[in-house]
Amino acid sequence: MTASQQTSPAPVVTLSGARKAFGDNEVLRGVSLAVKPGEVVAIIGPSGGGKSTLLRCLTLLETLDAGSLSYGDLTVAQDEGGRTRYVKGPELKQARDRFGLVFQNYNLFPHMTVMKNISDAPIRVQKRPRAEAEAEARALIAKMGLEGCEEKVPCQLSGGQQQRVSIARALAMNPEVLYFDEPTSALDPELTAEVLRVIKELAAENMTMVIVTHEMGFARDVADRVIFMDGGVIAEEGPASQVIDHPREARTRAFLSRLEE
Ligand SMILES: Nc1ncnc2c1ncn2[C@@H]1O[C@H](COP(=O)(O)OP(=O)(O)OP(=O)(O)O)[C@@H](O)[C@H]1O
Ligand SMILES: [Mg+2]
């Protein structure tokens with residue numbers, strides 16, 4: 001074995017001992033997760049189990065009560081005796097550049113064209129030259145199968161098209177990891193298929209992704225690792241062939257059998 005085979009690549013994102021409560025409701029009860037470059041992680045589990053809260057903590061939309069979070073070698077939040085302290089200002093901004101988030105309901109800017117939805121942040125936030133940002137947006141529009149939609153506004157598009165715009169918008173910022181929170185749960189089956197297809201293409205290109213999904217077939221196809229979250233903890237994780245096809249934990253089995261009903 002060579003030296004390069006022995007050292008596994010540093011994780012893109014590392015979360016350890018994450019705790020989060022809303023009042024008395026302890027939603028995350030010590031979640032640890034490290035995602036390697038190029039890895040695709042699917043998160044499954046029952047409603048209320050803390051999946052969205054986990055993504056919201058990873059994407060700095062919520063703060064952790066306890067636990068640590070880092071992106072590569074950039075420490076974002078550090079546990080200090082059971083309380084989390086966050087970095088401020090420029091370092092926090094630097095961390096935000098490392099990831100993208102795709103929501104269930106697209107969250108596009110309704111008054112902006114597709115082109116502007118995709119190119120606005122690269123131009124205004126990343127200060128990239130307009131011509132360069134628009135050329136990249138056009139390439140992403142083609143990659144997402146949205147040619148001809150450049151000058152349309154979101155309400156002129158199907159849900160599946162809007163979700164592909166929102167994936168293009170996230171990719172335009174060149175994130176190191178892309179998070180998805182149930183990207184297809186607002187879509188009809190045929191629109192779901194076109195969105196899942198582009199996510200699979202990204203997986204084939206080694207995009208690092210963490211995907212909360214109720215689509216077990218998709219998770220089985222695309223994920224290197226499946227995490228089953230229940231009651232604010234990771235109850236089981238491993239390859240889909242284990243977690244989905246041969247779950248070891250009774251609560252994973254119970255969840256999967258409820259889905260089949
Ligand atoms: N901002 C908030 N304020 C108060 N409680 C919240 C907030 N966000 C989430 N919760 C609570 O945290 C718990 C976990 O919710 P979360 O949305 O993370 O679950 P989930 O696994 O994503 O569920 P679903 O599959 O239904 O999307 C729920 O009890 C929810 O009511
Ligand atoms: Mg959720």
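This is a predicted model: local features need pLDDT of at least 70, side-chain atom pairs count only at pLDDT 80 or more; totals for chains, interfaces and linings use all residues.
Local features required pLDDT of at least 70 and side-chain atom pairs counted only at pLDDT 80 or more, whereas totals for chains, interfaces and linings used all residues. Residues are numbered from 1 along each chain as its sequence is written, chains are lettered from A and ligands numbered from 1 in the order in which they are written, and side-chain values use heavy atoms, with hydrogens and water left out.

Ligand 1 is surrounded by 14 residues, a residue being near a molecule if one of its heavy atoms lies within 4 Å of it. Ser 47, Gly 48, Lys 51, Ser 52 and Thr 53 are the closest. By class, the shell holds three nonpolar, eight polar and three charged residues; Ala, Val, Leu, Ile, Met, Phe, Trp, Tyr, Cys and Pro count as nonpolar, Asp, Glu, Lys and Arg as charged, and the others, Gly among them, as polar. Oxygen atoms of ligand 1 lie 2.6 Å from a side-chain N or O atom of Ser 47 and 2.6 Å from one of Thr 53. For Asn 25, a polar side-chain atom is found 3.1 Å from an oxygen atom of the ligand. These pairs are polar contacts, that is, N or O atoms within 3.5 Å; within protein, one atom must be able to donate a hydrogen and the other to accept it, and residues adjacent in sequence count only if both atoms are side-chain atoms. Ligand 1 taken alone exposes 640 Å², of which the protein buries 59% (Shrake-Rupley method with a 1.4 Å probe; for residues, only the protein chains shown count as cover). Strand S2 (25-35) and helix H2 (51-58) each give two or more residues to the shell, and H2 supplies the largest share, three residues. Helices (H or I, at least four residues) and strands (E, at least two) are DSSP runs numbered from the N terminus.

The largest pocket has a volume of about 660 Å³. A pocket is an open set of points on a 1 Å grid over the protein atoms alone, where a 1.4 Å probe fits, with protein on both sides within 12 Å along at least five of seven lines; lining residues have an atom within 4 Å of a point. Points are joined across faces, edges and corners, and the volume is the space filled by probe spheres set on them. The lining comprises 21 residues, with Phe 99, Gly 100, Leu 101, Ala 121 and Met 173 nearest the centre. Two or more residues come from each of helix H3 (89-96), strand S7 (99-102), helix H4 (114-124) and helix H6 (159-171). H4 gives the largest share, four residues. Ten lining residues are nonpolar, five polar and six charged.

Strands pair if DSSP finds at least two bridges between them. S1 (residues 13-22) runs antiparallel to S2, joined by eight bridges, with Lys 20 partnered by Leu 28. Two residues separate the strands of this hairpin, where Gly 23 takes a positive phi near 60 degrees. S1 also pairs with S4 in the antiparallel sense over five bridges, and Leu 15 has Leu 69 of S4 as its bridge partner. Leu 69 in turn stands opposite Ala 77 in S5. S4 (residues 66-71) and S5 (residues 74-80) are antiparallel and joined by three bridges; in their hairpin, Gly 72 has a positive phi near 55 degrees. Four bridges connect S5 to the antiparallel strand S6 (residues 83-86), where Tyr 86 faces Ala 77. The hairpin of S5 and S6 has two residues between the strands, and Gly 81 in the turn has a positive phi of about 60 degrees.
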